[in-house]
Structure formats: structure tokens, C-alpha cells
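Thank you for making time for this. I would like to walk through one protein slowly, and I ask you to keep the picture in view while I talk.

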Amino acid sequence: MTNHIDTPLPPQAVLEGAAASDAPVRFLDFNDAAPQEPPRRKPDAERDEIRAALLARLETVLCTMFPAGKTRHGKFFIGDITGSPGDSLEVVLDGEKAGLWTDRADGSGGDVFALIGGRYGIDARTRFTEVLKTSTELLGRTSAAPATPAKRQPPIDTLGMYTAKWNYLDAGGHLIAAVYRYDRPDGRKEFRPLDVKSGKWAAPTPRPLYNLPGIAKADEVVLAEGEKSADALITVECCGTTAMHGASAPVDKTDWTPLVGKHALIWPDNDEPGREYAERAAQAILAAGALSCAILQPPQGKPEGWDAADAVKEGFDVRGFIASAKRERAAAQPLLPAFTLRTLLEDDSPVPPDLISPRVLTPGGLLVFGGASKVGKSDFLLNWLAHTAAGAPFLGMRPPRPLRVFYLQAEVQYHYLRERVKEIRLPASRLLMARDNLVVTSQLRLLLNEDGLRLVIPAVKQAFGCERPDILVIDPIRNVFDGGEAGGENDNEAMMTFLRDRVERLRHEVNPEAGVILAHHTRKLGKKQFEEDPFQALAGAGSLRGYYTTGMLLFRPDEATSAREVIFELRNGAAIAAKSVDKVKGEWREIAPSRRLVMQDHGARLDAERRRKHDVILQMIYDEAGAGRCYTANQFAETFEGKAGLGGERTIRERISVLATQGYIKFFRNAADYGLPPAGRTKFGYLCVEAMVLRTPLGEPDLVAGELPVTELMVVPTHYKWGPNGAVLPVENAGVWVYQDDENDPEAGDE
């Protein structure tokens with residue numbers, strides 16, 4: 001099925017029967033015929049469907065009832081319920097309160113039915129049937145004209161009359177959703193779901209199964225593709241059902257819980273998409289708690305696309321087929337794959353060959369290739385993929401054979417892509433192999449959401465004929481990123497949605513064993529981060545690093561040169577040393593390491609100076625306490641600014657902050673215990689270092705010895721700074737000092 005497109009509810013869509021078939025639509029001329037009695041059905045279903053139709057076209061209905069009304073800021077205003085000009089009465093147009101109205105002049109109000117009844121003088125409580133009839137007239141269902149002429153013509157549905165409609169009921173028989181089918185002039189079918197509760201053209205969340213009243217009473221349920229097939233099964237007394245949108249919808253958007261405790265059979269359409277959908281649905285059904293699930297194998301000789309509806313139409317023995325047909329019993333995948341040590345030790349089967357060795361990209365693996373803007377990622381990637389498609393090594397990375405590569409790129413337009421391709425340096429024999437193995441899109445302008453996947457998946461499947469791609473490439477993530485409602489690419493939840501629901505779905509549809517390469521951007525890397533944890537610079541790194549099998553970064557360590565470094569992080573293999581590379585005469589080559597000795601010497605000198613300042617500060621805090629003086633961080637910075645080569649006040653404060661984070665400095669707040677004045681307006685307190693002793697005068701000087709008596713108190717810290725967020729926490733064991741060198745240093749790596 002295809003996705004719905006939001007349009008106003010067609011006039012024919014409101015009071016159709018509970019479950020339509022594909023029979024021809026019957027047209028009646030009411031001009032010279034007696035009034036036709038509609039088929040009787042449950043009042044609740046009729047009321048809910050009319051309400052949904054009214055809300056779907058609420059503004060049009062209100063303009064028909066009240067030509068003098070006006071719309072402002074999501075509300076409709078009119079003077080009173082008789083239609084006088086003004087704005088005393090307001091009606092909510094959108095959201096959960098759509099259709100609710102209030103007249104501020106007299107305090108009256110109610111829902112959309114009360115409004116219609118009040119407008120035409122019908123008591124909605126005692127004459128509700130007449131209110132429903134008037135509502136259908138407003139929606140254009142009969143030849144009767146509305147009591148008040150419309151100010152605007154209602155929108156015309158460009159698809160015309162629907163050709164079939166299916167109602168989705170809950171287990172109690174109440175209408176919760178409907179699906180309308182339209183046959184387009186070009187021969188294609190269009191399906192549009194209506195969420196009755198919200199009154200919007202959208203599938204409910206989660207999507208219900210079809211025929212829930214029947215499922216509630218059955219022990220065995222047959223899942224078909226589409227409502228038409230499910231209805232066909234019901235006509236031969238089988239409990240048929242389907243998921244809304246059939247094989248086109250991801251199984252995780254359907255509520256499978258009504259099948260808990262049931263035996264489920266899946267009757268797939270006789271084609272490849274049908275078989276693939278059946279396998280995914282089977283796992284979802286078993287995970288929901290079904291007692292069993294099996295996939296029926298269509299009989300031999302049936303045409304492509306043959307389904308349950310075709311079987312019933314041709315008089316096929318459906319019940320006999322269900323009872324005796326060959327079936328593939330589905331087994332639930334283990335929730336947690338676990339293996340005994342014996343299994344692992346005794347399994348001598350060969351490890352699957354690398355797609356790109358050594359373990360750079362493995363079958364079913366995912367490689368994230370990152371780099372800052374303008375570092376040359378796309379050029380590097382295009383050259384690498386051309387070599388891979390030719391079966392040629394590239395900078396020490398080797399494919400086992402010429403691989404089929406589909407390169408979905410969203411940055412370079414066709415003519416400029418053509419220029420780049422012609423600049424690739426490959427031997428003529430190798431280039432001949434790569435000509436049909438590398439398929440590249442020109443600049444795409446789409447998101448990799450449901451609509452985007454419907455375009456991309458068939459394109460990838462058709463790219464190599466009957467062969468499947470070995471590698472899928474998306475370049476860059478940001479241009480096609482869709483993380484659902486969670487947020488942007490920097491949001492870890494959104495990134496997981498993109499990886500799981502977009503990238504993995506694409507891989508599963510075209511080749512579950514394909515390797516995937518995602519090109520992604522990074523922030524600018526400082527020297528410190530480059531040396532310690534460069535992959536944390538990837539946007540959405542929290543999700544990406546837990547998901548990918550290989551991380552790979554292209555980094556320019558010195559902006560003054562063209563040399564770059566390639567850094568690897570492997571999950572499935574031994575570490576690979578970083579490579580220094582550059583593009584020389586149009587060809588990417590490995591070169592000698594690019595970091596200049598002068599820069600290394602400069603960095604070493606800066607590191608030494610930082611350590612000197614740290615040592616000086618710690619010693620001064622200790623010595624000053626020995627002289628009876630203690631300081632807060634601000635007091636220390638103000639007192640020793642420009643002294644002992646410590647620099648300015650701000651620099652000293654930053655050094656103290658780093659030392660506190662690293663555990664070299666702690667704090668004490670119990671100043672009175674040491675005869676000190678309160679520390680003033682500081683959340684930390686007085687500075688303290690390990691083994692610090694505070695010496696303070698005691699009594700009068702000794703005239704004989706000529707010395708001032710002092711008291712010595714070992715200073716015990718009461719609080720410390722917690723590195724992750726800078727919080728001040730109480731010390732649990734004052735005798736333990738743990739140091740963390742070079743962590744959280746704002747200056748480290750900046751030079």
C-alpha cells in the first residue's frame with residue numbers, strides 16, 4: 001500500500017457501511033425517487049464516524065453554518081449561535097479540543113453536535129437522530145441543501161469517489177479507524193487511513209489490527225496482506241486480519257498484542273516483498289506472545305502477487321489449503337543471544353571474510369567515516385569506493401574481490417560528480433572492473449524517512465540487476481537525516497532512531513549482510529582531544545559509538561600543511577595504527593608522519609610550564625598555611641597575581657580549578673575550628689592540600705627564648721570538587737587523596 005496524503009474528507013466518505021468490498025459503487029438519483037433507508041448499524045459507530053468527518057472539515061462546516069464568522073489563531077469566531085456577526089462565540093479548530101465551543105455572553109457551550117443542534121433549533125439531547133441527519137446534510141451526503149447558504153465552497157477531493165472502505169473496530173465493536181481506497185486515473189491505488197479519535201487523516205498510534213472483534217473470539221487467526229484479503233477469508237469463515245498498510249508498514253508500528261495466546265498463520269502474497277514481510281511479522285507476533293506462528297507457502301504455479309482474495313475469488317479450497325498447506329513454522333529469535341564456553345571453543349567454522357580488510361568493514365558491519373568540514377572526506381571516500389569496486393587496495397585497505405557498491409550521496413551535483421570521477425587514478429584493467437560495480441547517485445534532496453525509503457530501496461535493488469550490493473554508502477548523514485520526532489543528529493535518541501529504523505531497514509531490504517558506510521561530520525579537534533578520544537567529536541557520538549563496528553576519522557593535524565591523518569577504532573579486529581596520507585598528483589598516498597618536531601617541542605614546553613605552575617600553586621598553599629594564612633580561590637588569585645610567574649588573576653583561578661578537578665586541591669568549610677574568619681561568599685570554602693598544617697600564634701611571646709609560641713593543626717578537608725559537573729560534595733574519607741593527572745584541563749590540547 002502507499003501512504004496517505006492529507007486532504008479534506010471526501011463527501012462520499014462519511015456514512016458508508018461497516019466493511020466495504022471492492023464491488024462497484026452504486027449511484028442513486030434522489031431527485032425522483034423515494035427517500036432511501038440507509039442500512040442499520042450500531043449508533044455509536046455512526047456517531048463516531050460523523051464526528052470524525054465533521055472535525056476533519058471543521059472550518060468548512062463552520063463557514064457553511066455561519067457565513068459571517070471569522071478564523072483567527074486556530075479558532076472560529078461568531079457573534080452568537082444564531083449566526084450574528086461578532087466574536088462572542090468561539091470554536092476550537094485544532095488539537096484534542098477541536099469542535100468544542102463556548103459563548104462568553106451567556107456561558108453556554110458544548111461539542112460540535114450541540115453547536116449544530118443549537119444553530120438549527122434541534123435539542124441534541126432529545127432529538128439526536130435529527131442532529132446526525134443535519135450533520136450529514138452539512139457534509140454533502142444528500143441532495144438536501146444546508147439551512148444556511150455556504151459562504152465558501154467546500155474543497156473538492158482530487159481523487160474523486162473512494163472505491164472501497166474498511167472500518168477498524170475495537171474488540172467491543174466501536175469504530176477506531178477507517179481506511180479508504182481510491183483508484184487513481186493512472187491506474188495506481190491510493191489508500192488513506194482516518195484516525196476517528198483525532199479526526200485526522202493519519203493512522204492511529206499504534207496501528208490496530210483489522211477485525212479485532214473476530215480475533216477476540218478465535219483461537220487461530222490468519223494474517224493476510226490488506227483488508228481485501230482479510231475480508232475474503234472472513235467470507236469463508238476464517239478469522240482473517242491484516243496490519244494497517246499491509247506489507248508497506250514497519251511491523252513495530254502495529255499493536256500485535258491481540259494475538260497473545262493465539263495460533264497465528266501468515267498468508268503472504270506470492271512475491272518477494274510478501275515473503276520478506278511475513279518473516280518480519282512472524283517475529284513480531286511471537287515477540288508479542290502468540291502461542292505459535294507459521295507462514296503458509298503458496299501453491300506451485302500460482303501467478304506473481306497471488307493472494308487470499310484471489311484464492312476466494314477463483315473458488316480455491318481455502319479452508320482445506322489452510323489445514324494442509326506446506327508451512328514454515330517460525331521460531332522466536334532469542335532475546336539475548338548467549339553461548340556456552342563449550343560452544344565457542346568447539347566452533348571451528350571459518351570467520352566470514354572481510355569486505356575490506358584488515359577488519360575495516362565486515363559483513364553486516366557499520367563503518368562511520370568522519371571528518372571536519374573541508375578536510376576532503378567526499379573526495380577520499382569516492383576514490384576509496386572506486387578502488388573497492390575495482391577490487392584494488394587503497395592505502396592498505398583491501399577488498400577480497402571487486403565489490404558492488406551503491407553510493408547514496410547528497411552533496412555533489414551530477415556535472416561536478418562526473419568531473420571528480422574522471423580524475424580517479426586507476427589502471428585501465430582495474431577501471432574496467434569498477435565501471436558497473438560502483439553506482440553513485442547525483443545530489444539527492446530527500447530525507448531518509450518512510451517516503452525516502454520508498455524511493456531508495458527499489459533504486460538499490462535495481463542497480464545491480466539480480467545481484468545484491470555488497471556495500472551501501474550514505475554521504476553525508478546530515479543531508480538525509482530523519483530521527484522521527486526525537487530531535488536532530490546531535491540528539492542520541494534521534495540518532496538511534498535513524499540508525500535502527502532508517503539505515504538498518506534499508507540494509508535489511510536490500511541485503512542483510514551488506515556492509516554500511518556512513519559519512520559524518522565532526523567538530524574541530526584540538527590536540528588534546530585528537531590524542532585522547534577523537535571519536536567523541538562525532539555528532540551524536542554517544543549512540544554512534546555504541547552502534548558502529550568501525551570508526552574512521554580523516555583529520556588535518558596542522559592547518560599549515562595539506563597532510564592528513566586517518567585514525568581507526570575497530571570493534572571486530574585488532575587496532576590499526578593511524579596513517580598519514582595526502583593527495584599527491586591526483587592520487588591519495590600514505591606519507592611519512594606529518595607532525596613537525598618544532599610543534600612537538602613547543603607543546604612539550606607548554607606542558608612543562610603548566611606543570612610548573614601547578615607545583616608552585618600547591619607549594620604556596622602549603623607554605624602559606626605554615627605561616628598561618630589560608631585562602632579561598634579568589635583570595636589566592638588576587639593576592640598572588642603576577643607573582644612567581646603565575647600570570648594574571650584569571651589564569652590562577654583556572655589553574656586552581658583544574659587542580660581541584662584533578663584532586664590536588666580540596667576545601668574545608670569549618671573555619672571556626674581553626675580560628676579563621678568565615679570564608680565569605682564562596683560555595684567551596686578555604687583551599688587545602690594534602691598534609692597541610694596550619695600554624696597559628698598561641699598566647700604571649702616567650703621572652704627568654706625570644707620565640708612566639710604557636711599551635712599546629714593538621715587541616716582536614718571537608719569537601720571536594722566533583723569533576724563531571726563541578727559540584728561540591730562532602731568528603732567521605734579525609735585521609736584518602738586520589739589524583740587524576742591531565743583530565744579536564746581546559747588548556748591542554750589547545751596549543
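Let me begin with a single contact in what is a predicted model: the side chains of aspartate 482 and arginine 502 are joined by a polar contact of 2.5 Å.

Is aspartate 482 buried or exposed? Its relative accessibility is 15%, and because buried means under 20%, aspartate 482 counts as buried. Leaving aside residues up to four places away in sequence, aspartate 482 touches Leu447, Leu448, Asn449, Phe498 and, once again, Arg502.

Let me step back to the whole protein for a moment. Its secondary structure comes to 21 helices and 28 strands, and of its 751 residues, 45% count as buried.

Now to the aromatic rings. A pair of aromatic rings is described by the distance of the centres and the angle of the planes. Searching the whole structure gives 21 aromatic pairs. One of them is formed by phenylalanine 636 and phenylalanine 640, and this pair is tilted, with 4.6 Å from centre to centre and 45° between the planes; both phenylalanine 636 and phenylalanine 640 are buried.

Another pair, phenylalanine 668 with tyrosine 686, is stacked, with the centres at 5.5 Å and 25° between the planes. Phenylalanine 668 belongs to strand S23, residues 666-668, and tyrosine 686 to strand S24, residues 686-688, so this pair ties together parts that are 18 residues apart in sequence. Phenylalanine 668 has a relative accessibility of 0% and therefore counts as buried, while tyrosine 686, with a relative accessible area of 4%, is buried as well.

Which residues do ring pairs link into a cluster? They are Phe369, Phe380, Trp384, Phe394 and Trp588.

The charged end of arginine 72 is placed over the ring of phenylalanine 77, at 4.4 Å from its centre, and lysine 666 lies over the face of tryptophan 737, 4.5 Å from the ring centre.

Definitions and conventions: Residues numbered from 1 in each chain as written. Predicted model: local features only at pLDDT ≥ 70, side-chain atom pairs only at ≥ 80, totals over all residues. Heavy atoms only, no water. Helix = DSSP H or I, 4+ residues; strand = E, 2+ residues; numbered from the N terminus. Buried < 20%, exposed > 50% of the residue type's maximum accessible area, 1.4 Å probe, protein only. Polar contact = N/O pair within 3.5 Å; in protein donor to acceptor, adjacent residues only side chain to side chain. Contact = heavy atoms within 4.5 Å. Phe/Tyr/Trp six-rings, centres within 6.5 Å; stacked < 30°, edge-to-face > 60°. Lys NZ or Arg CZ within 6 Å of the ring centre and 35° of its normal.
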